[in-house]
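The paragraphs below lead through one structure, moving from strands to helices and then to a single side chain. Please keep the sequence and the coordinates open while reading.

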Amino acid sequence: MRGGGTPGGSLHGPADGSAYICVDELPDGVVAADHEGIVLIVNRAAERLTGVSREAAVGRHITEALPFRDLEGRDWWKWLDPHGGLRTRSRQPERPLTLPGRQEVLVAARFVRAPERGGPVTRVVITIRDASARARVERSRADLVSTVAHELRSPLTSVKGFTATLLAKWERFTDAQKLVMLETVNADADRVTRLITELLDVSRIESGRLQVHRQIVDVPARARRIIAGRVAAGEPEDRFRLEVHGELPETWLDQDKIDQILSNLVENGVRHGRGTVSVVVEPVEWGIAVSVRDQGEGVAPELVTRVFRQFWRGNGRRRGGTGLGLFIVKGLVEAHGGTITVQRAPGGGAEFRFTLPTGAPEFA
């Protein structure tokens, strides 16, 4: 019988073992034990995560085959006590456990009762997950907290310093000096607002709650507006170039999000690139393509897969920003049903190219 189990395959279906094939295809480890704790099933993922083969485990008591211990060294099965407690118990939540000489795993248990409500436990189904995934999430959260704290500290220190100074010594400053201080406070408040907006965008992208409100959008006009804003902020006009090729189709997009995509990509070109930052808009078979190119060093091939991850800051050099911009850009493009890639620009440097479908009025 494939994968071990009770004679005739009565636990999970036909005797040909087909049910065990399905269990083996599950990404998480699965172990099933009977009411006495004798192991009935061990799938492939459980073998990999525990280092114990099904041949060595099936037919043995779980405390011998898989002697799980909590982080304080206590016997997990004894703590689980399937036959103790209220008969309404149906599960035990996931918790970190270890096996001798193995790395930490996350283990949860479900009790199968007959009858289902209030009956004695007939089987215990145990699920096992790799704890490294949780560790990665925790590291990501720690990085996020560290990044937010760092990015907030500077503008808030500035705001606090200038406001405290103005309140304490208002009469000592000229109107020109006051204006400079208030302009600095205003700029730092805008910086904090941008950071909070980025964090909200990341949350919406990761939770799948990002909404797209479609309307007809003139993408070249939006790019022209973004460039004009950079020039008004002090960038030289000849630093930017806008090219529109061919006849563009009517596009139904979220204007605010398109502005955000273009703004982030142009900002990235200015910050990490050199020379002219070009925005090229052209039609493609099913929509439009927008390429933002710079004339800097470009992105090394080994870094291409990392570019759109959270906290990426080109070539490991911190040049300001949270490192969330390109992650957000990718999420916004994909929310429109589009795709984005990075490659070497025709004249050197980096080229971020995203394509968007035209959309349709009925989706607006």
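In this predicted model, 5 strands form an open sheet whose order is 7-9-10-12-11 and whose pairing is mixed; strands and helices here are DSSP runs numbered from the N terminus, a strand (E) having at least two residues and a helix (H or I) at least four, and two strands pair if DSSP finds at least two bridges between them. Strand 7 (240-244) and strand 11 (339-344) stand at the edges, and because each has a single partner strand, one side of each is left without a neighbour in the sheet. Neighbouring strands of this sheet are turned by 15° against each other on average, direction ignored, where angles run from 0 to 180 degrees between N-to-C directions and axes are lines fitted to C-alpha atoms, for helices over the stretch in contact.

Strand 7 runs parallel to strand 9 (residues 277-284), to which 5 bridges join it, and within this pair Arg241 stands opposite Ser278 of strand 9. Helix 9 packs on the sheet and touches strand 7, strand 9, strand 10 (287-293), strand 11 and strand 12 (350-357), its direction making about 170° with that of strand 12; contact means heavy atoms within 4.5 Å.

Residues are numbered from 1 along each chain as its sequence is written. Because the model is predicted, local features need pLDDT of at least 70 and side-chain atom pairs count only at pLDDT 80 or more, whereas totals for chains, interfaces and linings use all residues, and side-chain values use heavy atoms, with hydrogens and water left out.

Helix 9 (residues 255-272) also packs against helix 10 (residues 325-335), at an angle of about 145° and with the axes 9 Å apart. The contact is made by Lys257, Gln260, Ile261, Asn264, Leu265 and Asn268 of helix 9, together with Gly325, Leu326, Ile328, Val329, Leu332 and Val333 of helix 10.

Turning to a single side chain, Arg222 lies in helix 8 (residues 219-232). Arg222 counts as buried because its relative accessible area is 15%, the class being defined as under 20%, with exposed over 50% and partly exposed in between (1.4 Å probe, protein chains only). Leaving aside residues up to four places away in sequence, Arg222 touches Val217, Gln255, Asp259 and Leu262. The side chains of Arg222 and Asp259 are joined by a polar contact of 2.8 Å, that is, a pair of N or O atoms within 3.5 Å in which, within protein, one must be able to donate a hydrogen and the other to accept it, residues adjacent in sequence counting only if both atoms are side-chain atoms.
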